[in-house]
Amino acid sequence: MDSMGKGQIWINGQHVGRHWPAYKASGTCGDCSYIGTYNENKCSTNCGEASQRWYHVPRSWLKPTGNLLVVFEEWGGDPNGISLVRREVDSVCADIYEWQPTLMNYQMQASGKVNKPLRPKAHLSCGIGQKIRSIKFASFGTPEGVCGSYRQGSCHAFHSYDAFNNLCVGQNSCSVTVAPEMFGGDPCLNVMKKLAVEAICS
């Protein structure tokens, strides 16, 4: 949408969102140093560029052919510059702490139904028509890194892969409770642990 000005977008009757690429981020971009008192203009990036150029369109909104894109444009622009790019999901990740707060926990505790919070769950879901083929990485403990480059930390439950291999491989989606008993026990007592997992979809 970088060629457009300001307005809204629909595809097949579904509202994709507002677009405003004509509004450019202002400021002074250059060498960055956080020395001294911080202010909102320090270490600015992407000066002179649109705040958003890409918009996600769920595949479930699209038809095999005959898709209708409607653009309501307020400032003028060139619709010939609009393009759609298909993305294939080849891996999915989850990264969650063992006592991560959830809306369900809040609602149940507020109603007085439970005294101890429920354990959170890690949810993995591949694209339509895909299944989880394998587990590339799984660690319950103190894993490090980000999706695509996770690595084990100093604390790691050696049965971290087992739950995902049993519950997820061969499925389009799955959920695994983030609790020590799911991964063979607590690998490091009195340490706040988290789960990091990456699954391969195909």
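Student: How many salt bridges does the structure hold?

Tutor: The structure, which is a predicted model, holds six salt bridges.

Student: What does Lys-194 form a salt bridge with?

Tutor: Lys-194 pairs with Asp-95, and the closest N and O atoms are 3.3 Å apart. Lys-194 lies in strand S8 and Asp-95 in strand S4, so this pair ties together parts that are 99 residues apart in sequence.

Student: Is Lys-194 buried or exposed?

Tutor: Lys-194 is buried, at a relative accessible area of 13%. Asp-95 is partly exposed, at 37%.

Student: Which residues are linked in a network of salt bridges?

Tutor: Glu-98, Arg-119, Asp-186 and Lys-193. Within that group, the side chains of Asp-186 and Lys-193 meet at 3.1 Å, N to O. Lys-193 is buried, with a relative accessible area of 1%, and Asp-186 is partly exposed at 34%.

Student: Switching to the sheet. In what order do the three strands come?

Tutor: The order is S4-S8-S6, in an open sheet with antiparallel pairing. S4 and S6 stand at the edges with a single partner strand each, so one side of each has no neighbour in the sheet. From one strand to the next, the twist averages 10°.

Student: How many bridges join S4 to S8?

Tutor: Seven, with S4 and S8 running antiparallel. Ala-94, for instance, has Val-197 in S8 as its bridge partner.

Student: And how many join S6 to S8?

Tutor: Eight, and these two strands also run antiparallel. Ile-132 has Cys-201 in S8 as its bridge partner. Helix H2 packs on the sheet, where it touches S6 and S8, and the direction of H2 makes about 150° with that of S6.

Student: Back to S4. Which side chains point to one face and are buried?

Tutor: Val-92, Ala-94 and Ile-96.

Student: New topic: where is His-156 found?

Tutor: His-156 sits in the loop between S6 and helix H2, residues 160–167. His-156 is buried, with a relative accessible area of 11%.

Student: What does the side chain of His-156 make a polar contact with?

Tutor: One partner is the side chain of Ser-139, at 2.8 Å. A polar contact of 3.4 Å also joins the side chains of His-156 and Gln-152. Leaving aside residues up to four places away in sequence, His-156 touches Ala-138, Ser-139, Phe-140 and Pro-187.

Student: Last one, on confidence. Which element has the lowest mean pLDDT?

Tutor: Helix H1, residues 103–111, with a mean of 65. Strand S6, residues 132–141, has the highest, at 96. Where pLDDT is low, the predicted coordinates should not be read in detail.

Student: What does the protein average, then?

Tutor: The average pLDDT is 85, and 89% of the residues score at least 70.

Definitions and conventions
Residues numbered from 1 in each chain as written. Predicted model: local features only at pLDDT ≥ 70, side-chain atom pairs only at ≥ 80, totals over all residues. Heavy atoms only, no water. Buried < 20%, exposed > 50% of the residue type's maximum accessible area, 1.4 Å probe, protein only. Helix = DSSP H or I, 4+ residues; strand = E, 2+ residues; numbered from the N terminus. Pairing = 2+ DSSP bridges. pLDDT = per-residue confidence, 0-100. Polar contact = N/O pair within 3.5 Å; in protein donor to acceptor, adjacent residues only side chain to side chain. Contact = heavy atoms within 4.5 Å. Salt bridge = Lys/Arg side-chain N within 4 Å of Asp/Glu carboxyl O. Axes fitted to C-alpha atoms, helices over the stretch in contact; angles between N-to-C directions.
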